[in-house]
Amino acid sequence: MRAAFQGVPGAYSQAAAVELFGAGVEYLPCESFEQVFAAVEQGFCERGVLPIENSLAGSIHRNYDLLLQHGLSIVGEYNLRVEHCLIGLPGAVLAEIRSVISHPQALAQCDGYLRKLGVATSPAYDTAGSVRIIQENGDPSQAAIASRRAAELYGM
């Protein structure tokens, strides 16, 4: 079986997919929610895993809209406990972090902490993708908010 998820490897949606379907499934990372729907509708994947609700931010309205626009149905549910981490380059020092990037939802969920740090924030399309961006930039004053698994996957 193949399952699509939004994001890059290490994304929270991939973590939910692995919990739902196990490690023996082939996972297809997609840049957008729309691409997840397309992957399933076009037969590239048998399943797609997307966030529908967030306990802090409420409904993910874009995915409800996509459900109405496409002929796909919800066939299962998984409640994933999201635990954000502030992730920097190896050897980075917290006091030297000046900017943080992540998905807007994660930035909003960590807003109080980030304000206490006094850092600038910038949105990215995906939490795990923000870790990859930080890794590629190589700037120790930048950090990302994502999962511990994303940090491990990208050697951060």
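Author: We may begin with Ser13, which counts as buried because its relative accessible area is 11%; buried means under 20% relative accessible area, exposed over 50% and partly exposed in between (1.4 Å probe, protein chains only). The model is predicted: local features need pLDDT of at least 70, side-chain atom pairs count only at pLDDT 80 or more, and totals for chains, interfaces and linings use all residues. Residues are numbered from 1 along each chain as its sequence is written, and side-chain values use heavy atoms, with hydrogens and water left out.

Reader: In which element is Ser13 found, and with which residues is Ser13 in contact?

Author: Helices (H or I, at least four residues) and strands (E, at least two) are DSSP runs, numbered from the N terminus. Ser13 belongs to helix α1, residues 12-21. Contact means heavy atoms within 4.5 Å. With neighbours within four places in sequence set aside, Ser13 contacts Phe5, Gln6, Val49 and Pro51.

Reader: How is a helix read as a whole, and which residues of α1 are buried?

Author: An α-helix has 3.6 residues a turn, so residues three or four places apart point the same way. In α1, the buried residues are Tyr12, Ser13, Gln14, Ala16 and Ala17. Their cover includes the strands β1 (2-6), β2, β3 (47-49) and β9 (142-146), together with the helices α6 (127-137) and α7 (148-153). Just after α1, Gly22 adopts a positive phi of about 95°.

Reader: Which polar atoms lie close to the side chain of Tyr27?

Author: A polar contact is a pair of N or O atoms within 3.5 Å; within protein, one must be able to donate a hydrogen and the other to accept it, and residues adjacent in sequence count only if both atoms are side-chain atoms. A polar atom of the Tyr27 side chain lies 2.5 Å from the backbone oxygen of Gly22 and 3.3 Å from that of Ala17. Tyr27 sits in strand β2, residues 26-30, and is classed as buried because its relative accessibility is 17%. Beyond four places in sequence, Tyr27 touches Ala3, Phe5, Gln14, Ala17, Val18, Phe21 and Gly22. Tyr27 and Ala17 are separated by 10 residues in sequence and by 8.2 Å between C-alpha atoms.

Reader: Let us turn to the whole chain. How many helices and strands are there in the protein?

Author: The protein has seven helices and nine strands. Of its 156 residues, 37% are buried. Of the contacts with a separation of 6 or more, 61% join residues 24 or more positions apart.

Reader: What radius of gyration does the protein have, and what would a compact globule have?

Author: The radius of gyration is taken over C-alpha atoms, and the globule rule is 2.2 Å times the number of residues to the power 0.38. For 156 residues a compact globule would have a value near 15 Å, and the protein, at 16 Å, agrees. Along the principal axes, its C-alpha atoms fill a box of roughly 50 × 30 × 20 Å.
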